Amino acid sequence: MTRSSFLALSALLLLPSCARKTHDHAHGSVSEPKPEATLPFEYPHSVQAGSEIGMVFESWLSPQQEAGEEENVPKAAPDVFKSTKPSTPREQRPSRGHGVVAFTKDFSRAYVSLEVNVAPEEIVMAHLHCGKPGQLGPIIVDFGSTGDVSEYFKDGRLEYEIVNRDLERVLEQSKGVVGAFTAGCPIIKSVPSDRVRTIGGMATIATEGDLYFNIHTASQTFYGDIRGQLHPASQAPAPKGTPAPSPSP
């Protein structure tokens, strides 16, 4: 037998063994079991920690943050957005406020604490809007959609728990062309149909600096009486009792 014939025969004899070993390897009977993947560092966590407070934003509300004076309200604005009492210029209004929005780590809830020195009976609307400073933006949360907003402020403070349903309700209650421009906030602003429906989406808007409070009164209805752009809180909130849930629809 020639050397080349011997090598060819050897290859044929080894082939079944190699093929069988490869096949067995594919089924995991030859290879050693892989160790479980682990993080290369310690990271304590708990699945229950998702309900804890994560990101916190705050704002200091003032008339000077409003986008304009009531005397400059467009004539084409719907009557529902026009003041029913005489207005006062921004620089002459003493109204002020402070607001906090705290998001849970799992973005299932957002808690609001909003304190103002505006007379409760004068408040006709209170919202969270999305928009750049000095610009009018659509509504993302309407605090009056579940009850009498002036009653919510009877003690000068609004405590509210926001859930996804609050964002969805704004979209459901918007009507016609006016509703298309005043309700629902986009994350992708170049997509007209994009409307945030989750707390996580609202948190994204907040991190971009585009979330703000606006308190509307009978004298300052269109632009609002005081407005506060939300920014990351300067200090962590102190622990306290469970926030009050939002009123039933």
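Two residues are said to be in contact when heavy atoms of each lie within 4.5 Å. The structure described here is a predicted model, in which local features need pLDDT of at least 70 and side-chain atom pairs count only at pLDDT 80 or more, while totals for chains, interfaces and linings use all residues. Residues are numbered from 1 along each chain as its sequence is written, and side-chain values use heavy atoms, with hydrogens and water left out.

With residues up to four places away in sequence not counted, Arg-93 touches Pro-63, Glu-66, Glu-69, Thr-88, Gln-220, Gly-224 and Asp-225. Arg-93 belongs to the loop between β1 and β2 (97-104), where helices (H or I, at least four residues) and strands (E, at least two) are DSSP runs numbered from the N terminus. Arg-93 counts as buried because its relative accessible area is 7%, the term buried meaning under 20%, exposed over 50% and partly exposed in between (1.4 Å probe, protein chains only). The side chain of Arg-93 also reaches the backbone oxygen of Thr-88, at 2.6 Å.

Across the chain as a whole, five helices and nine strands are found, and they follow the pattern α-β-β-β-β-β-α-β-α-α-α-β-β-β along the sequence. Of the 249 residues, 39% are buried, and among contacts with a separation of 6 or more, 72% join residues 24 or more positions apart.

Five of the strands form an open sheet in the order β6-β3-β2-β1-β9 with antiparallel pairing, two strands being paired if DSSP finds at least two bridges between them. The edges of this sheet are β6 (157-162) and β9 (231-232), each of which pairs on one side only. Strand β3 (residues 110-116) and β6 run antiparallel and are joined by six bridges, and Leu-114 has Leu-158 as its bridge partner in β6.

A further antiparallel pairing, over four bridges, links β7 (residues 211-217) with β8, and here Phe-213 has Gly-228 of β8 as its bridge partner. Within β8 (residues 226-229), Ile-226 and Gly-228 point one way whereas Arg-227 and Gln-229 point the other way, and all are buried.

Phe-41 is classed as partly exposed because its relative accessible area is 48%.

Notes. Polar contact = N/O pair within 3.5 Å; in protein donor to acceptor, adjacent residues only side chain to side chain.
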